[in-house]
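Reader: Could we go through this structure together, one contact surface at a time?

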There are 4 protein chains.
Amino acid sequence: MNTLSVAVVGAGYWGPNLARNFAGSPDWRLAAICDLDLARAEQLAHRFAGAEAVTDLAAVLADPSIDAVAIATPARTHHAVALAAIAAGKHVVVEKPLADSKQKAREMVAAARTAGVVLMTDHTYCYTPAVLKIRELIEAGELGDILFVDSVRINLGLVQPDVDVFWDLAPHDLSIIDFVLPGGLKPLSAAAHGADPLGAGKACIGYLTLPLPSGAVAHVHVNWLSPTKIRKMIIGGSRRTLVWDDLNPQQRLSVYDRGIDLETQALDGLERRAATVSYRLGDTWAPALSEREALDAMASEFATAIREGRHARTDGEAGLRVLAVLEAASRSLESGGDPSRLEPEKELAGDLA
Amino acid sequence: MNTLSVAVVGAGYWGPNLARNFAGSPDWRLAAICDLDLARAEQLAHRFAGAEAVTDLAAVLADPSIDAVAIATPARTHHAVALAAIAAGKHVVVEKPLADSKQKAREMVAAARTAGVVLMTDHTYCYTPAVLKIRELIEAGELGDILFVDSVRINLGLVQPDVDVFWDLAPHDLSIIDFVLPGGLKPLSAAAHGADPLGAGKACIGYLTLPLPSGAVAHVHVNWLSPTKIRKMIIGGSRRTLVWDDLNPQQRLSVYDRGIDLETQALDGLERRAATVSYRLGDTWAPALSEREALDAMASEFATAIREGRHARTDGEAGLRVLAVLEAASRSLESGGDPSRLEPEKELAGDLA
Amino acid sequence: MNTLSVAVVGAGYWGPNLARNFAGSPDWRLAAICDLDLARAEQLAHRFAGAEAVTDLAAVLADPSIDAVAIATPARTHHAVALAAIAAGKHVVVEKPLADSKQKAREMVAAARTAGVVLMTDHTYCYTPAVLKIRELIEAGELGDILFVDSVRINLGLVQPDVDVFWDLAPHDLSIIDFVLPGGLKPLSAAAHGADPLGAGKACIGYLTLPLPSGAVAHVHVNWLSPTKIRKMIIGGSRRTLVWDDLNPQQRLSVYDRGIDLETQALDGLERRAATVSYRLGDTWAPALSEREALDAMASEFATAIREGRHARTDGEAGLRVLAVLEAASRSLESGGDPSRLEPEKELAGDLA
Amino acid sequence: MNTLSVAVVGAGYWGPNLARNFAGSPDWRLAAICDLDLARAEQLAHRFAGAEAVTDLAAVLADPSIDAVAIATPARTHHAVALAAIAAGKHVVVEKPLADSKQKAREMVAAARTAGVVLMTDHTYCYTPAVLKIRELIEAGELGDILFVDSVRINLGLVQPDVDVFWDLAPHDLSIIDFVLPGGLKPLSAAAHGADPLGAGKACIGYLTLPLPSGAVAHVHVNWLSPTKIRKMIIGGSRRTLVWDDLNPQQRLSVYDRGIDLETQALDGLERRAATVSYRLGDTWAPALSEREALDAMASEFATAIREGRHARTDGEAGLRVLAVLEAASRSLESGGDPSRLEPEKELAGDLA
């Protein structure tokens with residue numbers, strides 16, 4: 001198995017985490033740290049044997065020994081850096097959000113498709129042991145059909161200068177929901193309700209409702225103003241229901257073998273479900289979780305996707321779908337809460353034609 | 001202090017609870033149990049010395065020794081029974097919901113006003129020690145201005161034959177919020193999002209967003225399909241935030257002396273709040289709660305309101321406000337989630353002119 | 001299946017619970033309530049059709065239509081009442097404690113054996129769904145060998161006038177441990193440590209250590225002075241460990257598939273366990289529990305034991321074993337904490353020869 | 001304020017933590033890392049500007065610019081290194097345990113006293129925000145007289161090759177109890193009960209009962225075999241009771257304003273407490289805690305003690321008292337659980353005469 005070679009672009013907040021995990025991965029060789037600020041690039045590169053500090057992105061992209069680029073620059077620059085890297089034939093992983101608009105993300109997805117390179121979104125949370133296990137359980141049919149997803153992420157949080165609470169916190173929830181739902185998160189519409197009771201100039205409290213084509217619903221509650229911290233996702237299924245309480249390290253995941261059965265009866269010649277309800281009150285089960293660092297699993301997935309010539313689990317399309325929902329949420333918010341229709345799946349998938 | 005005399009009308013599910021608490025109250029004498037089914041009335045009346053079983057409501061209303069009537073008949077009959085009682089000069093307490101429509105409730109409120117009798121809605125939950133304490137804390141300014149109310153009430157629940165999950169569960173949340181907010185619950189609009197993923201024919205999962213005139217927001221999540229049970233209300237204030245976890249008997253109420261302060265600065269000659277945020281990380285405080293039964297406190301409040309010639313804390317207007325929100329929620333639900341404006345406060349207050 | 005006939009003796013605190021459950025059981029006919037206070041007997045008997053109120057125990061025992069007697073008189077009278085009933089050929093269930101001394105209990109066990117009647121101790125807690133499930137899991141080998149039992153039962157509690165905290169609270173823990181351990185609770189010794197920091201004249205805080213013949217240990221912490229309430233039992237096994245948290249109705253039982261494995265190696269020609277330790281970090285599992293009332297299951301067990309001519313699950317010997325431990329605890333307490341040896345198993349088993 | 005100069009002796013497991021905190025403290029200059037293994041010393045010293053790597057302890061002690069020595073060598077060498085440092089006039093802080101026997105600890109305490117230098121035990125846990133707050137509350141009388149201390153520290157833990165579970169885990173509990181009890185932990189005796197159900201060759205489960213002169217009791221439960229992790233200390237006081245749940249980051253400390261009042265009455269000419277009990281059911285209060293790293297606070301306390309010429313809060317005597325209890329526990333364990341008397345306070349205090 002060949003070791004792949006990666007350059008990390010951007011040595012600010014997230015770059016060091018990417019660098020550390022690529023440097024520690026058996027799949028990867030960390031070849032270069034690229035930052036406009038040479039001192040910052042050097043400070044980071046010095047921590048990893050063999051990593052070079054550079055300021056010239058073009059030189060990195062021109063280097064044939066480099067297979068891939070990990071982009072951790074400000075969001076507004078993701079599009080330009082990624083397109084250049086793709087044009088140079090590099091595989092690309094981009095810190096979330098994939099871009100600062102859906103349109104740019106769509107262009108990146110299309111470019112990667114044309115170039116035949118891997119475009120991955122670093123939705124880090126998806127590679128935590130808990131989320132990987134949730135995806136595995138849903139894929140294996142353990143929950144049955146998904147009926148609802150309810151996600152709460154509230155805490156005392158910094159009021160961000162540039163984004164509202166939806167854009168700050170909901171990408172976590174949306175990328176996770178996209179990751180675990182078979183086929184990804186493709187809601188029919190998005191209805192967003194926000195409040196700014198402190199007069200901060202943007203929504204500090206947000207509720208987002210996403211009806212799904214199956215009749216299920218996803219809902220996200222994000223809040224910067226809550227002194228009590230909650231990070232909980234309930235995924236209700238027709239067979240079982242899963243609760244992920246990320247603040248309970250002793251039992252993060254609980255799978256409830258309980259539910260409601262509606263009896264199906266033939267009424268008036270029509271097959272319909274009647275009001276007869278029965279309950280199942282079964283066991284609860286808390287699967288053991290590994291303790292692997294999420295970014296390490298992400299780096300490994302990136303390598304495997306490149307080697308197998310397949311999409312990464314959190315591919316560019318995933319990043320695009322999250323952006324599509326966020327933009328729809330913003331539209332709904334501006335309209336005063338009217339649900340905003342989401343564009344057809346085809347477009348979401350990144351087709352430009 | 002005169003003992004007041006009450007007749008309980010309706011001996012079905014809730015009537016026995018009313019009868020037991022009136023019979024046990026020093027404020028009241030339980031004079032009669034009235035039910036169309038004499039056997040049922042007798043079975044209940046026999047448990048209380050001095051209570052008579054009757055089937056004829058008119059006779060009860062004609063009896064000058066009876067001061068008040070407690071109505072626990074089916075919701076669709078509340079209007080007729082209450083109007084008759086009011087016309088007979090009786091004080092009236094009505095099991096929730098006050099009526100089965102806002103219009104009927106409004107008529108009941110107007111009739112009671114004209115007749116000068118007390119019309120009370122039995123929003124029982126409001127008289128639990130936890131909710132009484134919440135109201136007291138907010139009234140005393142302990143929380144400061146209310147910024148948000150987030151209420152979650154989810155559990156495996158019977159799919160009701162006649163009502164959806166909003167009408168089944170949200171009246172609890174709405175009546176409580178109405179009770180604790182100074183001035184009551186008077187949202188600008190209601191946006192309701194429901195889902196029926198099992199095909200039960202009605203919403204089994206519901207989210208309700210209620211923007212308040214102050215810029216605050218109230219939100220209610222009700223759900224019949226969750227195998228994990230949550231009954232939690234977070235009330236965020238400018239000074240402190242309160243969390244009511246009704247399933248934690250060891251600490252139902254927690255008051256967090258924490259929050260976010262936005263600094264107000266003069267910018268460009270305008271006084272506006274700048275992005276400077278500071279956190280307070282103070283103590284948490286869990287007030288002790290008494291153990292009085294809620295219905296007992298309700299019976300006592302009914303008596304006191306009559307004696308003092310004042311409105312009960314949960315008066316007819318409170319019942320009307322809850323119904324107004326529920327009807328707006330239904331309108332929003334039918335429209336696919338568009339926020340439905342609520343009628344002006346004047347009308348909500350019960351004025352008919 | 002014949003219905004059995006029972007008389008409840010003692011209409012004080014516990015008798016009404018026994019009466020209600022025998023009256024509601026398909027296995028039993030509640031024939032009589034016997035109490036020296038006729039009014040009290042009548043008040044109770046009137047609640048159950050067909051139950052007679054009597055004051056004369058001898059008459060009850062002489063009545064051939066009565067199969068069994070349930071004794072709920074003060075503990076100091078259990079011995080006399082039970083011996084009389086046994087002498088009359090009645091099956092007997094006795095409210096805990098079986099007697100007020102080990103010696104008396106031993107005589108009761110011997111008498112029942114000789115007479116061939118069932119002598120049962122009403123260790124009610126053993127018939128709760130949680131404890132029945134624990135017993136079932138241990139019997140099925142799910143936990144493997146039991147390594148330790150740690151039981152905590154603390155709360156703000158009334159300082160009892162006549163007994164210390166060991167005699168007040170530990171019988172619950174001891175009867176449960178006796179019930180779930182294969183072969184019952186037969187410790188080698190008992191070491192009791194108490195404290196009376198308020199000067200109440202008796203131990204208000206107690207710790208009880210019970211080494212078991214297998215090398216395992218049972219430990220009980222009882223405490224009247226704790227404002228935080230804990231009722232938790234941890235049962236560590238060689239395969240799995242079970243935690244019973246009786247104050248967590250949403251997950252009373254948790255079975256941890258985790259543990260420590262010591263590798264066995266041949267060292268110096270001897271097979272011994274070396275220091276090599278490996279951990280298993282497996283799933284957690286919370287079995288669903290039924291909601292049957294414990295006393296109902298107790299009444300049913302009493303009937304079945306009589307019909308099948310076998311010992312009840314909580315037989316006289318179980319009551320005797322609990323008393324033996326309590327007496328040893330008192331001896332240890334008096335000696336200042338020296339462990340007090342427990343008598344040989346043979347004697348504990350009730351043999352008098 | 002002069003900066004003090006410190007050498008860290010021992011660059012193994014704990015030394016790096018000490019070095020990092022001394023280097024980061026405004027009170028200290030980290031002058032040297034001393035280890036027999038030069039490479040290990042250098043690797044650590046290189047991380048801190050100005051720190052020299054040395055192998056020769058004598059040279060460090062001879063250096064007049066060095067004020068203090070922090071010892072993080074194996075426990076059996078603490079005595080020799082500390083005595084040499086004290087003889088050289090250095091202030092000394094020693095990683096816990098202070099020594100590997102009470103006798104050696106006593107000699108260290110005496111030597112420091114004679115030399116007039118500060119001898120501090122690095123009981124790190126005492127400097128966590130939670131424990132500092134507990135000490136502060138007890139000192140301020142918030143809990144009243146201490147009635148009991150119950151400490152539980154259980155988890156799946158490595159079976160240590162050289163020590164049993166008492167010596168591995170209980171030093172944490174004992175040093176904390178010593179720190180928060182006014183006057184320190186000076187029990188009348190120690191009764192230890194251990195179990196080794198896996199045949200590991202040493203106690204893996206331990207219970208330790210420590211009666212205090214006031215009539216109060218301290219109890220410690222340590223356990224390597226529990227798959228459920230508990231770290232909880234309950235400190236019952238005559239006014240209030242405190243619960244420290246170290247695994248609940250959202251509410252580590254809870255102070256219950258609840259308790260039992262025994263009425264004192266004059267009976268038979270004697271003033272004694274009668275059985276009249278009343279309950280207080282007051283509020284619960286969770287004080288906010290700072291987030292300072294414990295070792296940083298420890299380094300600061302060490303500097304302050306030196307500057308003020310006073311004992312450190314966790315002085316040599318504290319280390320000695322913990323060792324005295326551990327040795328008594330071992331004696332009790334060997335005797336099969338008989339309580340082992342502790343030596344008179346005078347001796348515990350370190351007097352050798």
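Author: Gladly! Buried area here is the accessible area, with a 1.4 Å probe, that two parts lose on being put together, summed over both. Please keep in mind that the model is predicted.

Reader: With that in hand, how much area is buried between domain 1 of chain A and domain 2 of chain A?

Author: The domain assignment of chain A gives domain 1 as 4-123 + 294-322 and domain 2 as 126-290. Their centres, taken over C-alpha atoms, are separated by 30 Å. Contact involves 12 residues of domain 1 of chain A and 14 residues of domain 2 of chain A. Carbon and sulfur atoms give 65% of the buried area between these domains, which is about 1200 Å².

Reader: Which residue forms a salt bridge with A:Arg321?

Author: Across the interface of domain 1 of chain A and domain 2 of chain A, the rule finds 1 salt bridge. For A:Arg321, the closest N and O atoms of its salt bridge are 2.5 Å apart, and the partner is A:Asp178.

Reader: Which element gives the largest share of the side of domain 1 of chain A that touches domain 2 of chain A?

Author: Two helices, α8 (294-308) and α9 (316-334) of chain A, each supply at least two residues of that side. The largest share, 4 residues, comes from α8(A).

Reader: Let's move on to chain A and chain B. What is the count of salt bridges between them?

Author: Here 49 residues of chain A are in contact with 50 residues of chain B. The two chains bury about 4000 Å² between them, with 72% of it on carbon and sulfur atoms. There are 7 residue pairs in polar contact between chain A and chain B, while the count of salt bridges is 0.

Reader: And which element gives the most to the side of chain A that touches chain B?

Author: Several strands give two or more residues to that side, including β7 (146-156), β13 (253-267) and β11 (225-237) of chain A. By class, the side has 28 nonpolar, 14 polar and 7 charged residues. With 7 residues, the element that gives the most is β11(A).

Reader: Now for chain D and chain B: what kind of axis relates the two copies?

Author: A rotation of 180° with 0.0 Å of shift along its axis superposes chain D on chain B, at an RMSD of 0.0 Å. The copies are therefore related as by a two-fold rotation axis.

Reader: Which residue of chain D has the C-alpha nearest the axis?

Author: That C-alpha is 2.2 Å from the axis, and in chain D it belongs to D:Trp285.

Reader: Which strand gives the largest share of the side of chain D that touches chain B?

Author: Between these chains, 11 residues of chain D are in contact with 11 residues of chain B. They bury about 900 Å², of which carbon and sulfur atoms give 35%. As 100% of the interface residues of chain D are also interface residues in chain B, the copies meet through the same surface. On the chain D side, the largest share, 6 residues, comes from strand β14 (residues 270-286).

Terms used
Residues numbered from 1 in each chain as written. Chains lettered and ligands numbered in written order. Predicted model: local features only at pLDDT ≥ 70, side-chain atom pairs only at ≥ 80, totals over all residues. Heavy atoms only, no water. Least-squares fit on C-alpha atoms with pLDDT ≥ 70 in both. Contact = heavy atoms within 4.5 Å. Salt bridge = Lys/Arg side-chain N within 4 Å of Asp/Glu carboxyl O. Polar contact = N/O pair within 3.5 Å; in protein donor to acceptor, adjacent residues only side chain to side chain. Nonpolar A, V, L, I, M, F, W, Y, C, P; charged D, E, K, R; others polar. Domains from an automatic or database assignment.
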